[in-house]
Structures are given as C-alpha cells and as structure tokens.
Amino acid sequence: MRAARLIKMVLLLQSRPSMTAAELARELEVSERTVTRDAQALSEAGVPVYADRGRAGGYRLIGGYRTRLTGLARSEAEALFLSGVPGALREMGLEDAASAARLKVSAALLPSLRDASRTSAQRFHLDAPNWFTEPKSPELLPAVAEAVWDDRRVSARYRGRESEGEGYVERELEPYGLVLKAGVWYLCARVADGGSFRVYRIDRFTAVTAGEARFERDEEFDLPGFWAERAEQFARSILRAEVVVRLSGDGVRRLPYVVDPASAREALAAAEAAHEDGWLTVTLPVESEQVAHTQLAGLGPEVEVLAPESLRARFAEDARRLGRLYGT
C-alpha cells in the first residue's frame with residue numbers, strides 16, 4: 001500500500017513543477033504529516049525530493065529527475081479508454097486504476113503538454129443519467145464489472161419481471177459487456193454452455209458469484225451492434241396497441257417529443273396528405289391505452305383521438321373536467 005502511494009507521489013511531482021503538502025495530501029488521501037514522512041522516505045531512497053519552506057513552498061523534484069515507472073498495467077490501460085466517463089469508472093470500481101493511468105501518461109508527456117488532461121476536462125464532461133432522476137449505483141456492479149474484465153463465468157440470481165409473474169431466477173452466465181443507458185446499468189451476457197445472448201438489468205441482481213473458470217469469448221460478438229439491435233427490439237416489443245389521431249400542424253411538430261420518436265417519425269411518414277383544414281390523420285403504435293392517454297395529453301388541443309372509442313371517451317371526460325375547472 002505504501003509502496004504504491006510513494007510511486008504515485010513521485011509521478012505527481014514529475015508531472016507538475018511543484019506541489020504543496022496540502023495538495024499532495026488531498027491527491028494521496030493521507031494527512032500532511034504522512035506526506036512529510038513519505039517525502040523523507042523517498043529522499044533516503046535516492047529520489048531527489050526537495051522541500052521549499054515558507055507560505056509559497058512545497059515539494060518538487062530536482063536535477064531533472066525522471067522515473068521509468070510509467071509503464072501502464074493492463075487494467076490501467078483499459079480504464080484509460082473509459083476516462084471520459086468518470087461516473088461510470090467510479091461505479092465499476094475502476095477509479096483508482098484510471099487515476100494511476102492518467103498520472104503515468106502525464107509523467108511521460110513533455111512539460112508543455114502535461115496540462116492536457118486538465119484542459120480537456122474543462123471542455124468536455126459526460127453526465128449520463130436523465131434529468132429529474134436520482135442515479136443509484138447497483139451494489140453488485142463492481143463484482144459484475146470485474147467478471148466482465150476477467151472473462152469469468154458467474155452464478156447469478158436476479159428478480160424476474162413482476163408483471164409477467166416471474167420470481168427469482170438463477171443462471172450461469174458468461175458476462176460479455178456492460179452498457180450504461182440513461183443512468184441504468186445493463187449486462188449483456190450469454191447463458192453458459194452455448195445458450196443465447198440476453199440483457200439483464202444490474203439492479204435486479206440479488207447475488208453474483210464469480211467462479212474460477214474463464215469462458216472463451218465469441219470474437220464475432222459486437223457489443224455496440226448487439227445493444228443497438230436489442231434496444232430496437234425492446235422499443236418495438238412494448239408498442240402493442242394502436243391509436244388513430246388527428247394532429248394539427250403544431251401537434252405534428254410536437255409528437256416526437258411526447259411518444260417514442262422513432263415510432264412517431266414512421267407513423268408520420270406513413271400518413272396520407274393533410275386534410276384541407278391542415279390536420280393530419282395518423283395511426284400511431286403505443287404501449288397501451290393508458291400510456292397513450294398520458295403521453296397524448298401533453299399535446300393538449302393539438303390532438304384529437306379518433307380510435308379506439310374508449311380512449312376518445314377518456315379525452316372527452318378530460319375536456320369536461322377542464323371545462324368545469326376553468327368555466328365554459
């Protein structure tokens with residue numbers, strides 16, 4: 001533990017002209033007294049750490065000292081490619097590996113380029129979760145992520161869909177990849193011993209145990225392509241009903257913002273020409289009548305439901321209630 005901290009301290013000093021004891025303590029997550037002891041230990045080991053006294057003082061390396069401890073470990077190299085998504089790294093338990101990798105890269109750069117990580121971080125930031133949702137990191141995500149990195153089979157227990165009457169299910173899985181979608185983590189895995197590829201929500205896992213056995217990855221498996229295909233299938237699978245509506249010009253423009261955008265575009269493209277009054281009749285796939293009622297209500301008077309009659313009756317009742325609230 002201390003050896004790793006001393007190496008990190010040397011890399012920090014190598015990547016910057018000087019650092020105060022407070023700055024080093026913050027980076028190393030130790031006390032300033034520990035920083036002082038570590039600096040003395042490095043000096044005794046032959047690393048030329050020099051301490052400048054006074055308010056503007058700090059620690060620095062002298063004599064152009066350069067360490068050769070800049071080779072990236074495999075875990076650090078892999079984490080480095082994910083350094084643009086710091087939240088995801090933290091949730092998967094890879095933050096320390098990414099930090100070490102960035103330090104080693106910075107130490108290997110020319111002095112004029114060592115602020116590249118800071119300047120890029122000030123110009124690009126990824127915030128994955130949706131608005132108005134509180135992101136929660138699944139407790140078992142680090143264990144799943146470790147199995148993904150190591151290609152290890154896992155024994156998993158997870159909650160099935162309550163709406164479909166599924167209880168707890170246990171399976172042996174070959175974890176191929178993780179996907180972070182709108183703040184929700186998913187595992188793309190193959191059922192062990194030649195089973196099919198499936199998608200699992202990480203927050204539904206109640207137990208995950210990684211075994212010693214590794215599995216042979218299918219080299220033709222393409223995670224982005226697989227996810228795109230399954231995401232499209234899922235979006236279409238939940239659209240099990242249809243409604244017929246009339247839309248004003250403003251309603252046509254706003255439709256993709258209140259229902260599934262892809263379905264809205266397809267429905268609008270398949271619609272016949274607008275009527276003389278400028279309204280357009282559209283047959284729209286929806287998840288259910290209840291969901292359609294909630295979504296289409298966002299269009300207000302820019303939409304008229306023609307079918308089914310039960311949904312039209314809902315909107316008629318909405319109109320009567322609004323009339324009573326606001327006066328006729």
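What follows is a working chat about a predicted model of one chain.

Reader: What kind of model is this, and how are residues numbered?
Author: It is a predicted model, where local features need pLDDT of at least 70, side-chain atom pairs count only at pLDDT 80 or more, and totals for chains, interfaces and linings use all residues. Residues are numbered from 1 along each chain as its sequence is written, and side-chain values use heavy atoms, with hydrogens and water left out.

Reader: How many helices and strands does the chain have?
Author: The secondary structure comes to 13 helices and 10 strands. Helices (H or I, at least four residues) and strands (E, at least two) are DSSP runs, numbered from the N terminus.

Reader: What share of the residues is buried?
Author: Of the 328 residues, 31% count as buried. Buried means under 20% relative accessible area, exposed over 50%, and partly exposed in between (1.4 Å probe, protein chains only).

Reader: And what is the accessible surface of the chain?
Author: About 20700 Å², of which 51% belongs to carbon and sulfur atoms. Accessible areas come from the Shrake-Rupley method with a 1.4 Å probe, and for residues only the protein chains shown count as cover.

Reader: What percentage of contacts join residues at least 24 apart?
Author: The figure is 59%, taken among contacts between residues at least 6 apart in sequence. Contact means heavy atoms within 4.5 Å.

Reader: Switching to helices. At what angle do α10 and α11 cross?
Author: The axes of α10 (residues 249–258) and α11 (residues 261–270) cross at roughly 150 degrees and come within 7 Å. Axes are lines fitted to C-alpha atoms, for helices over the stretch in contact, and angles run from 0 to 180 degrees between N-to-C directions.

Reader: Which residues meet there?
Author: From α10, Val 252, Leu 255 and Pro 256 meet Pro 261, Ala 264 and Leu 268 of α11. The residues of this contact divide into six nonpolar, no polar and no charged. In that count, Ala, Val, Leu, Ile, Met, Phe, Trp, Tyr, Cys and Pro are nonpolar, Asp, Glu, Lys and Arg are charged, and the others, Gly among them, are polar.

Reader: Where is Leu 280, and is it buried or exposed?
Author: Leu 280 lies in strand β9 (residues 280–286). Leu 280 is buried, with a relative accessible area of 11%.

Reader: What is Leu 280 in contact with?
Author: Leaving aside neighbours within four places in sequence, the contacts of Leu 280 include Val 245, Leu 247, Val 252, Leu 268 and Ala 271. The C-alpha atoms of Leu 280 and Leu 268 are separated by 8.6 Å, and the two residues are 12 apart along the chain.

Reader: Salt bridges next. How many are there in the whole structure?
Author: A search finds 18. A salt bridge is a side-chain nitrogen of Lys or Arg within 4 Å of a carboxyl oxygen of Asp or Glu.

Reader: Which residue does Arg 201 pair with?
Author: Arg 201 forms a salt bridge with Asp 203, with the closest N and O atoms 2.6 Å apart. Arg 201 is partly exposed at 30% relative accessibility, and Asp 203 is partly exposed at 34%.

Reader: And what about Asp 150?
Author: The side chains of Asp 150 and Arg 152 meet in a salt bridge at 3.9 Å, N to O. Asp 150 is partly exposed, with a relative accessible area of 27%, whereas Arg 152 is buried at 17%.

Reader: What is the phi of Asp 151?
Author: Asp 151 has a positive phi of about 55 degrees although it is not a glycine. Asp 151 lies in the loop between α8 (141–150) and β3 (152–159). Most residues other than glycine have a negative phi, and most peptide bonds are trans.

Reader: Which peptide bond is cis, then?
Author: The bond from Ala 307 to Pro 308 is cis, with omega near 0 degrees. Pro 308 is found in the loop between β10 (303–307) and α13.

Reader: Last one: which residues form the nonpolar surface patch with Tyr 326?
Author: Leu 322 and Leu 325 form the patch with Tyr 326, with about 410 Å² of accessible area together. Patches are made of residues with over 30% relative accessible area and no salt bridge, with like charges joined within 9 Å and nonpolar side chains (Val, Leu, Ile, Met, Phe, Trp, Tyr) within 5 Å. Tyr 326 is found in helix α13 (residues 309–326) and is exposed, with a relative accessible area of 70%.
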